[in-house]
Structures are given as C-alpha cells and as structure tokens.
Amino acid sequence: MRRPTFDLDVLRTFVTGVELNSFAKAAYRLGRSTSAVSAQLKKLEEQVGTPVLAKAGRGLVLTPVGESLLSHARRLLELNDGIFQTLRESQTAETIRLGLQEDFGEHLLSDILRRFVQLYPMVSLEVKIARNAELLALVDSAGLDLALTWDTGHASPHATRLGDTQMYWIGAHDTPVFGGMADAPLPLIMFDAPCLLRSAATQTLDAAQIPWRIALTSPSVGGIWAAVAGGLGVTLRTRIGLPSHLKIVSGLPAVPSLGYVLHCGGDDPSAATRQLAALIKTSLQEQAFRFADTAHS
C-alpha cells in the first residue's frame with residue numbers, strides 16, 4: 001500500500017497563512033496568486049480528509065485537526081530547511097584552525113579528518129600540533145577556532161571538559177616490575193619543563209619518597225617514545241597513542257587521571273566547526289570505550 005505524502009509547498013503555505021493571520025498576505029510573501037493558495041488549501045484538506053480551517057466572522061480559525069497539523073507541519077518544514085542549510089554550508093569554502101595536544105594529534109587526527117572531509121569537502125583545515133601551553137596561548141589570542149588540550153584549570157570562555165584519561169608509568173617491554181626500590185634514582189624520560197605530566201610524575205615520586213632523575217628530555221612525544229623504547233628510563237603518559245612495543249609498568253605509585261578540554265574560539269562557531277567539535281567528542285568517547293573494554297578483557 002502506497003503511503004500518502006504531504007506536499008511541503010502546501011504545508012509552507014498553510015503555516016505561513018496561519019502565522020500571518022492572512023492567506024492573502026501569505027500569497028504575496030510566497031509569490032503565489034490567491035487562487036493558487038486557495039487550491040493548495042483545498043488539496044491539503046482533501047489529503048487530510050477533514051477541514052483544517054473554519055470560518056469565524058470574516059476570518060478563519062484552525063479546527064482541532066488544523067491545530068495538530070500546524071504543529072507537525074512546522075516540524076517537517078524545520079527539518080526540511082535544516083537539511084538544505086546543512087548541505088549548503090557543507091559546500092561553503094572556509095578554513096578552520098584546529099589545535100591538538102601532541103598525544104591527541106598522533107592518535108586521533110587521521111580518524112577525525114577522514115570523517116570530517118566526507119561531510120565538508122570544501123572546508124580547509126589548518127592543524128597545529130603543539131604542547132599544552134602553546135595551544136592555550138593561541139586560544140587566548142584567538143589564533144585557533146578549536147583546541148583540544150589537557151585540563152590545567154586554564155579558564156577560557158568557551159571550554160567544555162570532555163572527560164578524563166588515566167596516567168600510567170610506561171617503559172620498554174624488558175623494564176622490570178618495580179617493587180622494592182633500589183637506591184639508584186628512577187630515570188625519567190620527560191618533556192621539557194613546564195609540563196603537566198612531568199610535574200605529576202615528580203610530585204608523585206617525591207610523595208612516595210622514591211628518588212628520581214631526569215635521564216632525557218624531548219620536545220616531542222615521538223622522542224619520548226623512542227627514548228623509552230631504547231631503555232633509557234620510564235615516562236608518565238596516558239594510553240592515548242601508546243606504541244605497541246611499550247608497556248605499562250607495574251610497581252610504581254598510582255597517579256591520578258588527567259582531564260581533557262575542548263576550547264572553542266568564539267560563541268558563534270560555524271556549522272562546520274560545530275561538526276568538527278562533535279567528531280572530536282565522538283572519537284574520544286569511542287577511544288575511552290575501547291580502553292575500558294581492553295581493561296576488562
């Protein structure tokens with residue numbers, strides 16, 4: 001059985017006439033003749049199977065069925081207009097400046113870009129992979145439209161805390177399990193100071209009265225992973241982007257989780273910027289689910 005389908009042009013005429021309280025005005029606004037509008041209303045009532053308008057003095061009022069139809073018609077028109085608006089915006093050329101903390105950049109970027117370009121093929125992305133402090137400075141100076149950073153408590157007017165991820169001690173596969181600590185200081189592989197994870201590592205070890213030394217500093221996550229893989233020491237990072245040839249080290253003091261925040265450069269982002277923010281949030285949620293699933297497997 002073929003389902004009946006409403007004509008959106010007819011519904012638009014009906015809604016416009018009701019909102020203007022005049023179908024003559026609706027005809028003028030929509031560029032139609034009054035006879036065409038009358039024909040549309042007749043078609044609508046035939047399709048509904050009952051009157052949607054009734055005479056009241058010199059004017060017209062909605063019948064109970066007409067009131068219900070008006071509500072549904074408005075939603076249909078909003079959905080229709082929203083689809084076309086989204087499609088038009090997806091073809092609009094613009095540039096979005098995206099900043100990612102290096103851990104996120106290595107792990108999330110390819111997945112996010114693949115999804116985004118399917119929706120907005122005409123939008124260009126300028127991606128800045130940098131450390132937290134640099135990204136936050138760019139957020140403050142309006143140098144980025146979106147930035148995903150670690151949560152340092154930095155206040156920006158359009159920031160959303162998306163979640164938390166656990167920090168772990170990470171070493172090479174032949175790194176021993178630390179139980180009773182030897183007298184030798186624990187060698188650490190860290191970013192140059194200032195660094196949120198570096199501070200967390202040294203403060204945790206100090207609280208546990210475990211001696212440590214900075215064995216190597218690197219300006220990049222890739223450099224940290226290489227030094228750890230070479231057996232120069234251990235580092236404190238999250239599981240985001242953790243290479244398969246490294247492992248989480250047991251026996252060292254537990255460290256707290258680390259929050260991550262998405263900063264938006266303004267209070268009226270474009271549709272493409274909002275979509276990119278949504279993709280970042282979704283990708284992080286999927287990643288958190290995978291980590292949780294791995295932990296319980």
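This is a predicted model: local features need pLDDT of at least 70, side-chain atom pairs count only at pLDDT 80 or more; totals for chains, interfaces and linings use all residues.
Residues are numbered from 1 along each chain as its sequence is written, and side-chain values use heavy atoms, with hydrogens and water left out.

Residues 6-63 are 62% helix and 14% strand, with their end C-alpha atoms 19 Å apart; helices (H or I, at least four residues) and strands (E, at least two) are DSSP runs, numbered from the N terminus.

Within this span, the axes of helix H1 (residues 8-20) and H2 come within 8 Å and cross at roughly 125 degrees, where axes are lines fitted to C-alpha atoms, for helices over the stretch in contact, and angles run from 0 to 180 degrees between N-to-C directions. That makes H1 oblique to H2, given that angles under 35 degrees count as roughly parallel, over 145 as roughly antiparallel, 65 to 115 as roughly perpendicular and the rest as oblique. Contact (heavy atoms within 4.5 Å) involves residues including Phe-14 and Leu-20 of H1 and Phe-23 and Leu-30 of H2.

Helix H2 (residues 23-30) also packs against helix H3 (residues 34-48), at an angle of about 110 degrees and with the axes 9 Å apart. H2 is therefore roughly perpendicular to H3. On the H2 side Phe-23, Ala-24 and Ala-27 take part, meeting Thr-34, Val-37 and Leu-41 in H3.
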